[in-house]
Amino acid sequence: MFDFKYYTPTKVVFGKGTESKVAELIKEFGGKKVLIHYGGGSVIRSGLMKKVTDTLDEAGISYVSLGGAVPNPRLGLVREGIELCKKENIDFLLAVGGGSAIDSAKAIGYGVFNEGDVWDFYDYKRQAKGCLPLGVILTIAATGSEMSDSSVITKEEGLVKRGYSSDFGRAKFAIMNPELTMTLPDYQTSCGCTDIMMHTMERYFSNGGHMELTDSLAEGLLRTVKENAKILVKDPKNYDARAEVMWAGSLAHNGLTGCGSDGGDWMTHKLEHELGGLYDVAHGAGLAAIWGSWARYVYKDCLPRFKRFAIKVMDVPEVGTDEEIALKGIEAVEDFYREINMPTNLRELGVNATEEDMKVMAHKCAVGVNGGKGSAKFLKEEDMFAIFKAAK
Ligand code: NZQ
Ligand code: ZN
């Protein structure tokens, strides 16, 4: 077991109608003038935005709004948000939406608080010294950005998608009402479930340091999301299933399921970020499309974990060699993806990548991880290329 730091300062307010607490919470954390940041308009169509602005109006909290955070949120809008905040003397950010709106808000917060170009943080050139305080009303259970220290932004020039992690970016509060996720398209619900599981799987498939309690929490979380994702395919309005998945989303990425490990593998995410950057695919679907190829490429180097995962999470009987059990576990994950209508390769993802595209993605990915990365198996550029090719 490795030493670890566990820091989750976000106040979670969970349950039906909790969006009505937003003004109270902003006041509690000292917000006087708020930038409400959101995505492409689902929060307006659902009526959530009106509820939020009515609540702020009643409480006498002034605000300005900035929509337009797209999936794989763009640096251009972040820069626009930074200028707007400076012009309007904004002292608090409220992200209403999913990972894209939240990540974009975090980036705006870094840009307002710190001098210089905000992309420097995503380009690993320097560290932020702070961030404007941020609150979240979550509308999709997926990224865990509501409790995570990460923000993922795409720079238009060269379509470079990069993540930046800092405790300064952790939200002060997160309002999570599972009912708000009921307007999601089914595809996005499944993308979210895939992402949630993957955040825990990235931490689970490692060769360095394990803790029995962490493993049991991770396996419980994975089983819970797997079962409830299947329920939601048939019964999307099931409140309890939505609630299970929503809370799992936060716990999957707030650090809890990585305590005692070496930090995990994270190469499936790094490979997906190239797909998201180049083809603008939904993050969860991109993960599903690449995971099987990654797993088959690395499992022999992380066999005990793949075997344990197969038995404890995917219900594979303990019969046959370790390799056979591990491979059955990988197949069971792909069967699960098919059951929730997720892709298991690039073609099903709708991506027709040429060999040249794959070379470019592998190269950008290798640069993004400083040459190589991975704990299940350390991957270099040629390995990344081989995995993209296998995923075709
Ligand atoms: O933009 P709107 O109109 O709101 O529509 C969104 C969007 O089209 C829609 N949606 C969200 N809530 C809805 C809804 N539609 C109807 N009803 C609702 N209640 O769903 C679509 C996806 O939303 P988005 O915010 O893009 O999804 P997600 O939460 O999956 O975020 C994806 C982004 O987060 C990054 C991903 O790479 C991607 O850029 N990630 C962020 C992480 C983090 N900060 O910790 C970690 C992740 O691994 C991930 O990389
Ligand atoms: Zn993710």
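View 1. At 17% relative accessibility, His 283 counts as buried (buried means under 20% relative accessible area, exposed over 50%, partly exposed in between, with a 1.4 Å probe and protein chains only). His 199 is buried too, at 3%. This is a predicted model, where local features need pLDDT of at least 70, side-chain atom pairs count only at pLDDT 80 or more, and totals for chains, interfaces and linings use all residues. Residues are numbered from 1 along each chain as its sequence is written, chains are lettered from A and ligands numbered from 1 in the order written, and side-chain values use heavy atoms, leaving out hydrogens and water.

**View 2. Who holds the zinc ion (ligand 2)?** Its protein donors are Asp 195 (OD), His 199 (NE2), His 269 (NE2) and His 283 (NE2), 2.0 to 2.2 Å away (donors are N, O and S atoms within 2.8 Å of the metal, or 3.2 Å for Na, K and Ca; water is not among the atoms, so sites may look incomplete). Along the chain, the donors follow the spacing D-x3-H-x69-H-x13-H.

**View 3. An aromatic cluster.** Tyr 204, Phe 205, Trp 291, Trp 294, Tyr 299, Phe 306 and Phe 309 form one cluster. Rings of Phe, Tyr and Trp (its six-membered ring) pair if their centres lie within 6.5 Å; planes under 30 degrees apart count as stacked, over 60 as edge-to-face and the rest as tilted. The whole structure has 19 aromatic pairs. Phe 205 and Trp 291 have ring centres 6.3 Å apart and planes at 45 degrees, so they're tilted. Both Phe 205 and Trp 291 are buried.
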